[in-house]
Amino acid sequence: KGRLGANVLVGLVYHEVSDNPSKMALDTNTFTSMSTFNKHMSWIFRSYTVIDISQLKRESKRGDLVLSFDDGYRSFKDNALPLIRKFEYPVISFINSSTINKEINASALVSFESRLSGEPVLWENSNPAHYSDKIKLMDSLEIDALEVYQGEYLTWDDLKELSADPHIKFGNHLQNHWYSPCLTDLELRESIKLNEKENSPVVELEKILAWPHGASTELFCRIASQEGMKIQMFGINPTSVNRNTRVVLRVDMNQGVS
């Protein structure tokens, strides 16, 4: 507060909100306990105005804030939503249709491999070629272990229920949790379109894209704009986009943020 320019829109992003987070969330430090989340929501209420991202105007006021949740964890519905509804915050949840279809999260696979090998995580391996090769080699027990590791995600029934809430919007997080700079142009286009298509019978995704890992390239930002994305969300390091695309930078919120 006091350090932000008048037209700087603040974005916060949560992942798993739980007192019993998945091993994936523990390994990647992307979980927030219920007590910490409660503190965050009260702090936000005192200091910011949470705005509906789907109604975003070109100019923002000081203190405007976008509240978002990535990856479609089921804890969004079970743990975070009751408090969100109490404060009547508008929120957006960025989902991958792959996990709703009970498939393996591509980045969870990479993190799982790192855990087994003891080597650093190589997010660059979160791409369709690596994913396909590794999944083919895994037996049913390994797949079961990976499903437990990655945690619980929203189901189609959950999405149908949540779609009736006017305070909840859904955005595009690609069809799987790919590390975008390692995709081909065609893979990126197909992933954006496939996520929209597979979700369309239940929810309509806003023309808003949150880049997995907050990472992209100038070329891919242009492609996303060509595919209709009006707003693109990054981490704290933005990538240049065309003038018709709004950029929102987001801070990762987790248990370490007091």
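Ala-108, Leu-109, Ser-111, Phe-112 and Arg-115 in α5 meet Ala-145, Leu-146, Tyr-149 and Gln-150 in α7, where contact means heavy atoms within 4.5 Å. By class, the residues of this contact are six nonpolar, two polar and one charged; Ala, Val, Leu, Ile, Met, Phe, Trp, Tyr, Cys and Pro count as nonpolar, Asp, Glu, Lys and Arg as charged, and the others, Gly among them, as polar.

This is a predicted model, in which local features need pLDDT of at least 70 and side-chain atom pairs pLDDT 80 or more, while totals for chains, interfaces and linings use all residues. Residues are numbered from 1 along each chain, and side-chain values use heavy atoms, without hydrogens and water.

Back to the helices. The axes of α5 (residues 106-117) and α7 (residues 140-150) come within 10 Å and cross at roughly 105 degrees. That makes α5 roughly perpendicular to α7, a label for angles of 65 to 115 degrees. Axes are lines fitted to C-alpha atoms, for helices over the stretch in contact, with angles from 0 to 180 degrees between N-to-C directions. Helices are DSSP runs of H or I with at least four residues, and strands are E runs of at least two.

Now the pockets. The second largest pocket is lined by residues including Arg-74, Lys-102, Glu-147 and Gln-150. Both α4 (97-100) and α7 supply at least two residues of that lining, which has three nonpolar, four polar and five charged residues.

In the largest pocket, α1 (23-28) and β10 (246-252) each supply at least two lining residues. That lining divides into eight nonpolar, 13 polar and four charged residues.

Conventions. Angles under 35 degrees count as roughly parallel, over 145 as roughly antiparallel, 65 to 115 as roughly perpendicular and the rest as oblique. On a 1 Å grid over the protein atoms alone, a cavity is a set of points where a 1.4 Å probe fits but cannot get out, and a pocket is an open set with protein on both sides within 12 Å along at least five of seven lines; lining residues have an atom within 4 Å of a point.
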